[in-house]
Amino acid sequence: MDQLAGAGIISAVVIVMLAIFFITSADSASLVNSQLSQKGNPAPNRLITAFWALCMAGIAVVILLFGGQNALQGLQNLIVVSALPFAVVLVLMAVALVKELRNDPMTIREHYQEAAVENAVKAGVAEYGDHFVLAIEPTAPDSEYAAGGEFDSTAPEVTEWYARTDEDGNPIDYDYERGVYLDADGNPLPDEDEGADPGADDAEGDDSAESSLEEAPEDGDGPARRPGGSTGRS
């Protein structure tokens with residue numbers, strides 16, 4: 001810092017930045033440890049959070065007091081050794097992310113549209129040569145031209161993770177005719193009913209019902225549209 005202009009001011013700024021860095025890092029670490037020790041509680045007890053903060057501070061103090069001149073080097077080595085297992089966790093997290101993205105509604109729609117067009121072209125060329133037009137019609141589940149013959153749109157890993165639930169984790173019913181979520185008594189939720197036109201329900205009910213029926217596959221092999229634009233079983 002002595003080689004820079006205004007070294008006194010810059011040194012003070014650097015000390016403040018380091019303090020902010022260490023304080024926020026220690027606060028985050030103590031909060032996460034507190035959450036984990038309370039079975040993932042998103043609002044952990046503050047006394048337990050303070051306990052973990054004191055424990056981490058105590059470890060640093062012990063290392064600095066008894067480490068001698070090599071205390072900082074030993075602390076750095078300890079950080080590297082303790083962080084190494086998390087490298088394996090990060091790799092596993094990357095694998096899990098890829099698996100989750102394969103079940104993402106956008107990925108499913110991309111797969112279906114590519115498979116549907118490809119199989120339709122194959123069927124048209126095989127049956128009519130160069131002169132044919134693409135059409136949408138049901139196929140047998142085991143047909144080689146079925147777009148979703150090898151995909152189960154009702155599988156839990158496809159439908160459960162993006163379904164809307166209440167505070168207790170219970171699924172919330174959806175009224176496809178009115179396009180609103182319902183509570184346990186069958187009434188529209190407050191946030192869904194706000195701004196709705198009561199007189200438009202009867203006028204639009206038939207159209208929305210017909211639309212929802214058209215979007216839902218009859219044989220259950222294709223992806224049905226769900227609330228929020230997701231694909232899954234209607």
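**Close-up views of the predicted model**

**View 1. Aromatic pairs.** The count comes to two aromatic pairs, where rings of Phe, Tyr and Trp (its six-membered ring) pair if their centres lie within 6.5 Å, and planes under 30 degrees apart count as stacked, over 60 as edge-to-face and the rest as tilted. Phe-21 and Phe-22 form an edge-to-face pair, at 5.3 Å centre to centre and 75° between the planes. Both of these residues, Phe-21 and Phe-22, are exposed (buried means under 20% relative accessible area, exposed over 50%, partly exposed in between, with a 1.4 Å probe and protein chains only). The ring centres of Phe-51 and Trp-52 are 5.7 Å apart and their planes stand at 70°, so this pair is edge-to-face. Phe-51 is partly exposed at 48% relative accessibility, and Trp-52 is partly exposed at 28%.

This is a predicted model, in which local features need pLDDT of at least 70 and side-chain atom pairs count only at pLDDT 80 or more, while totals for chains, interfaces and linings use all residues. Residues are numbered from 1 along each chain as its sequence is written, and side-chain values use heavy atoms, with hydrogens and water left out.

**View 2. The loop at Lys-39.** Lys-39 lies in the loop between helix H1 (7-37) and helix H2 (46-66); helices (H or I, at least four residues) are DSSP runs, numbered from the N terminus. Although Lys-39 is not a glycine, its phi is positive, at about 60°. Most residues other than glycine have a negative phi. With 85% relative accessibility, Lys-39 counts as exposed.

**View 3. Helix H4 and its end.** H4 has 24 residues and reaches 34 Å from its first C-alpha to its last, close to the 34 Å expected at 1.5 Å a residue (the expected span is 1.5 Å times one less than the number of residues). Among the buried residues of H4 are Pro-105, Ile-108, Tyr-112 and Ala-115. Gly-129, with a positive phi near 75°, follows the helix.

View 4. One salt bridge is found in a search of the whole structure, defined as a side-chain nitrogen of Lys or Arg within 4 Å of a carboxyl oxygen of Asp or Glu. The side chains of Lys-122 and Glu-118 form this bridge, at 3.3 Å from N to O. Lys-122 and Glu-118 are four residues apart in helix H4 and therefore separated by about one helical turn. Lys-122 is partly exposed at 46% relative accessibility, and Glu-118 is partly exposed at 44%.

Terms used: Helices (H or I, at least four residues) and strands (E, at least two) are DSSP runs, numbered from the N terminus.
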